[in-house]
Amino acid sequence: MKPITVPLALPECGEEEIRAAAEVIRSGWLTTGAKTFEFERRFAEVVGARHCVAVNSATAALHLALEAVGVGPGDRVLVPVHTFTATAEVVRYLGADPLFVDCDRETFCIDAALIGSALQAAQSKSGPEKVKAILPVHFAGHPCPMDGIMDRSADLGVKVVEDAAHAFPAVYRGRGSKRAMDNGRTIGSIGDVTCFSFYANKTITTGEGGMLATDDDAVAKRARVMRLHGIDRDVWNRYAEPVSQWAYDVVAPGFKYNMPDLAAAIGLEQLKKASRFRQRRQAIAQAYLDQLKDIPGLVLPRPRCSMEDHSWHLFVVLLEEKDTRNGLSRDGFVAGLKERHIGAGVHYIPLHRMSYYRDTYHLTPEMFPNSEWVFHRCVSLPIFSAMTDDQLAYVIDEVKKILG
Ligand SMILES: Cc1ncc(COP(=O)(O)O)c(C=O)c1O
């Protein structure tokens with residue numbers, strides 16, 4: 001029998017995506033056009049945002065979002081230290097500086113209580129005008145504590161740009177705050193701007209791609225201009241109108257971040273399947289939670305949201321460094337998975353451990369005790385919508401065997 005191999009993640013594309021891409025190729029219009037605008041409209045309906053601007057990555061969306069809310073040289077942006085570098089690098093693109101905040105040990109999201117103290121520390125040093133935005137990451141698809149984040153941002157007059165690279169679709173339900181949103185709000189309809197990723201390992205994919213969602217007319221307008229060289233109108237308008245309009249103006253030195261129709265056509269098909277994909281991810285997470293719960297030393301996720309409100313982009317477990325029955329370390333566990341052809345990841349090596357951020361901002365592990373604690377213990381197990389029942393059963397059995 002062929003040995004089972006289980007990657008950490010795999011995109012799920014079918015004949016529908018192939019047909020949609022072929023249709024775009026045959027149409028002769030490959031770049032940003034009707035498909036992209038349709039994708040923007042549909043995505044805006046799903047996340048409950050007034051505007052969506054499709055781009056070629058979440059990194060691009062984050063960059064455009066910060067630029068559009070006015071982040072510039074010398075400003076500071078609050079960023080979780082426990083994230084992928086894209087979250088912080090976009091702050092540097094604009095000549096601003098990230099102000100790193102530690103994470104929560106259970107959700108791995110930014111610790112809302114620590115945002116207040118980080119803001120106070122920054123403002124006592126550099127004046128209130130310096131902090132321009134908070135950039136929370138909905139880690140693994142678990143919504144951040146948005147009530148607290150929105151309250152703090154309102155008190156301080158700073159913008160909230162959400163990194164929702166992992167969090168489509170996800171819902172936040174606030175509790176016990178003046179902003180309590182008992183009926184739930186989709187991620188994409190809460191902060192000033194929300195940025196999604198359609199990278200190949202994400203919950204829906206266009207290969208590479210991203211979306212900026214906002215209710216703010218001015219932010220959407222600026223992002224549309226800046227995603228295409230700072231030109232005051234889309235190429236689509238210039239060439240596809242019945243009477244071709246050759247004239248245009250460049251109003252700023254913009255970027256080249258537009259999403260092509262080829263990607264948007266795939267995105268439209270993925271969007272139709274998003275609910276089924278999410279349900280499958282949830283079922284996989286539930287199976288892990290039910291069947292791995294009695295392994296000594298293995299700490300499973302304990303979401304503070306309902307299973308349905310989580311997008312389950314990642315399933316991150318923690319291994320007590322020395323407490324497992326057979327004394328297996330996190331690295332030994334990852335090696336055991338590899339021997340059995342099971343993909344695993346570490347999300348994340350925190351940014352204070354990356355030489356650029358460490359050296360530029362004089363960061364030490366002691367400054368981020370929670371992120372350090374998580375980093376030494378975390379392992380991501382395979383989770384993707386196309387994962388078969390056989391693959392799931394295999395991972396569960398092998399994890400049990402490795403951990404004795
Ligand atoms: C938390 C986070 N933010 C941003 C990104 C960047 O996404 P993209 O590859 O679409 O630029 C990623 C990518 O994995 C991510 O994990």
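Which residues of H3 are buried? In this predicted model, the list runs Ala-58, Thr-59, Ala-60, Ala-61, Leu-62, His-63, Leu-64, Ala-65, Leu-66, Glu-67 and Ala-68. That makes 11 of the 11 residues of H3, so the helix is largely enclosed by the rest of the structure. Just past the end of H3, Gly-70 takes a positive phi of about 95°.

Setting aside residues up to four places away in sequence, Glu-67 touches Leu-94 and Met-226. Glu-67 and Met-226 are 159 residues apart in sequence, yet their C-alpha atoms are 8.9 Å apart in space. Met-226 also falls within helix H7 (217–226).

H3 turns up again around the ligand. The shell there holds 14 residues, and the closest are Ser-57, Ala-58, Thr-59, Ala-165 and Ser-197. H3 and helix H4 (85–93) are the elements that give two or more residues to this shell. Sorted by class, the shell has 6 nonpolar, 7 polar and 1 charged residues. Two of the closest residues, Ala-58 and Thr-59, are also among the buried residues of H3.

The largest nonpolar core has 119 residues, and the members that touch the most others are Ala-65, Leu-78, Cys-195 and Leu-212. Helix H9 (residues 261–291) gives this core its largest share, 11 residues. Both domain 1 (15–271) and domain 2 (274–402) give residues to the core, so it lies between them. Leu-212 shows how parts of the chain come together: leaving aside neighbours within four places in sequence, its contacts are Cys-52, Val-53, Val-55, Ala-61, Leu-64, Ala-65, Val-193, Cys-195 and Ala-223. Among these contacts, Ala-61, Leu-64 and Ala-65 are buried residues of H3.

As for the overall layout, the protein chain is divided into domain 1 (15–271) and domain 2 (274–402). The C-alpha centres of the two domains lie 26 Å apart. Their contact takes 32 residues from domain 1 and 27 residues from domain 2. On the domain 1 side, H4 and H9 are the elements that give two or more residues. That side divides into 15 nonpolar, 10 polar and 7 charged residues. A cis peptide bond joins Phe-168 and Pro-169, with omega about -10°, and Pro-169 is found in the loop between strand E5 (159–164) and strand E6 (171–172). Another cis peptide bond joins His-347 and Tyr-348, with omega about 5°; Tyr-348 belongs to the loop between helix H10 (330–339) and helix H11 (355–361). His-229 has a phi near 65°, a positive value in a residue other than glycine, and is found in the loop between helix H7 (217–226) and helix H8 (235–240). With 18 C-beta neighbours inside 10 Å, His-229 counts as partly exposed. Trp-312 is not a glycine either, and has a positive phi of about 50°. Its place is the loop between strand E10 (298–299) and strand E11 (315–319), and Trp-312 counts as buried because it has 28 C-beta neighbours inside 10 Å.

Technical notes. Residues are numbered from 1 along each chain as its sequence is written. This is a predicted model: local features need pLDDT of at least 70, side-chain atom pairs count only at pLDDT 80 or more; totals for chains, interfaces and linings use all residues. Two residues are in contact if their C-beta atoms, placed from the backbone, lie within 7 Å. A nonpolar core is a set of buried Ala, Val, Leu, Ile, Met, Phe, Trp, Tyr and Cys residues joined through C-beta atoms within 7 Å. A residue is buried if 20 or more other C-beta atoms lie within 10 Å of its own, exposed if 12 or fewer, and partly exposed in between; C-beta atoms are placed from the backbone. Helices (H or I, at least four residues) and strands (E, at least two) are DSSP runs, numbered from the N terminus. Domain bounds come from an automatic or database domain assignment. A residue is near a molecule or strand if its C-beta atom, placed from the backbone, lies within 6 Å of it. Ala, Val, Leu, Ile, Met, Phe, Trp, Tyr, Cys and Pro count as nonpolar, Asp, Glu, Lys and Arg as charged, and the others, Gly among them, as polar.
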